[in-house]
Amino acid sequence: MGTIPSETIEQIAAANDIVEVIGAYFPLKRAGANFKALCPFHQEKTPSFTVSPSRQTFHCFGCGVGGSVFRFAMDYEHTDFPSAVRKLAARVGITVVEKRGAADEDRQHETRRTLLKLHGEAAQWFHENLIKREVGEPARQYLKQRGITAEIAKRWQLGYAPDEWDAFGGWARASRAHHVPHTQ
Ligand code: ZN
């Protein structure tokens with residue numbers, strides 16, 4: 001799973017006024033610059049749960065809970081941070097596009113390197129059939145007739161597939177153990 005960019009998180013925090021968000025769950029009463037309510041996180045008879053619109057935080061003097069609008073959503077909904085962020089994003093119509101994690105990218109590069117190496121080695125195998133191996137003799141004769149020198153064959157890494165239905169498959173299976181990318 002990816003990560004949510006911090007700019008997106010800031011944008012979501014800015015768009016979700018904490019008084020409105022908490023006020024949608026239970027009524028808040030104005031008390032000077034702040035708002036108060038009976039704390040939803042512990043049993044009490046006089047309100048010590050306080051919401052500060054200027055700081056965009058909540059705090060309970062009774063049980064000590066507190067934090068940002070995300071913290072409230074996490075604690076109240078019993079959910080983790082990414083879920084709280086997504087829920088509050090949906091509330092204000094912000095689309096959350098997650099960044100791919102660094103580990104994903106590393107794995108992708110690793111797979112690509114392995115594939116490139118495999119293709120290179122396969123091409124080399126065909127090429128050596130043509131220029132080095134006995135099996136390539138008829139092909140060498142043919143190229144000679146066509147005026148294609150060994151130098152040209154090397155420069156273009158021309159190859160030859162032996163007339164055996166499974167020659168390449170056999171080679172691939174034999175070298176496969178070294179090349180299977182590590183997947184999780
Ligand atoms: Zn409390």
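What spacing do the donors of the zinc ion follow along the chain? In this predicted model, the answer is C-x2-H-x17-C-x2-C. The protein donors behind that pattern are Cys39 (SG), His42 (ND1), Cys60 (SG) and Cys63 (SG), and they sit 2.1 to 2.3 Å from the zinc ion. As for geometry, the four donor atoms subtend angles of 102 to 119° around the zinc ion, so the arrangement comes out as tetrahedral. Cys39 and Cys63 also link distant parts of the chain: Cys39 belongs to the loop between strand S2 (34-37) and S3, Cys63 to the loop between S4 and S5, and the two are 24 residues apart. Their surroundings can be told apart by accessibility. Cys39 is buried, with a relative accessible area of 7%, whereas Cys63, at 33%, counts as partly exposed.

On to the next pair: strand S3 (residues 49-52) and strand S4 (residues 57-60) run antiparallel and are joined by four bridges. Phe49 has Cys60 as its bridge partner in S4, and Cys60 is also one of the zinc donors, through its SG atom. Ser52, for its part, is partnered by Thr57 in S4. S3 and S4 form a hairpin with four residues between them, and Gln56 in the turn has a positive phi of about 55°. S3 itself is covered on both faces: Phe49 and Val51 are buried on one side, Thr50 and Ser52 on the other.

Then there are the charged contacts. A search of the whole structure turns up ten salt bridges. One of them pairs the side chains of Glu20 and Arg91, at 3.6 Å from N to O. Glu20 lies in helix H2 (residues 18-23) and Arg91 in helix H4 (residues 81-91), so this pair ties together parts that are 71 residues apart in sequence. Arg91 counts as partly exposed, at 38% relative accessibility.

Another salt bridge brings together the side chains of Glu128 and Arg133, at 3.2 Å from N to O. Glu128 counts as buried, at 18% relative accessibility, because the cut-off for buried is under 20%. Arg133 is partly exposed, with a relative accessible area of 32%. Asp166 is partly exposed here, with a relative accessible area of 27%.

Finally, the overall layout. The domain assignment of the protein chain gives domain 1 (6-92) and domain 2 (102-177). How far apart do the C-alpha centres of domain 1 and domain 2 lie? The separation between these centres is 64 Å.

Key: Residues are numbered from 1 along each chain as its sequence is written. This is a predicted model: local features need pLDDT of at least 70, side-chain atom pairs count only at pLDDT 80 or more; totals for chains, interfaces and linings use all residues. Side-chain values use heavy atoms; hydrogens and water are left out. A salt bridge is a side-chain nitrogen of Lys or Arg within 4 Å of a carboxyl oxygen of Asp or Glu. Buried means under 20% relative accessible area, exposed over 50%, partly exposed in between (1.4 Å probe, protein chains only). Two strands pair if DSSP finds at least two bridges between them. Donors are N, O and S atoms within 2.8 Å of the metal (3.2 Å for Na, K and Ca); water is not among the atoms, so sites may look incomplete. Four donors count as tetrahedral if all angles lie between 85 and 135 degrees; four count as square planar and six as octahedral if opposite donors are over 155 degrees apart and all others between 65 and 115; anything else is irregular. Domain bounds come from an automatic or database domain assignment.
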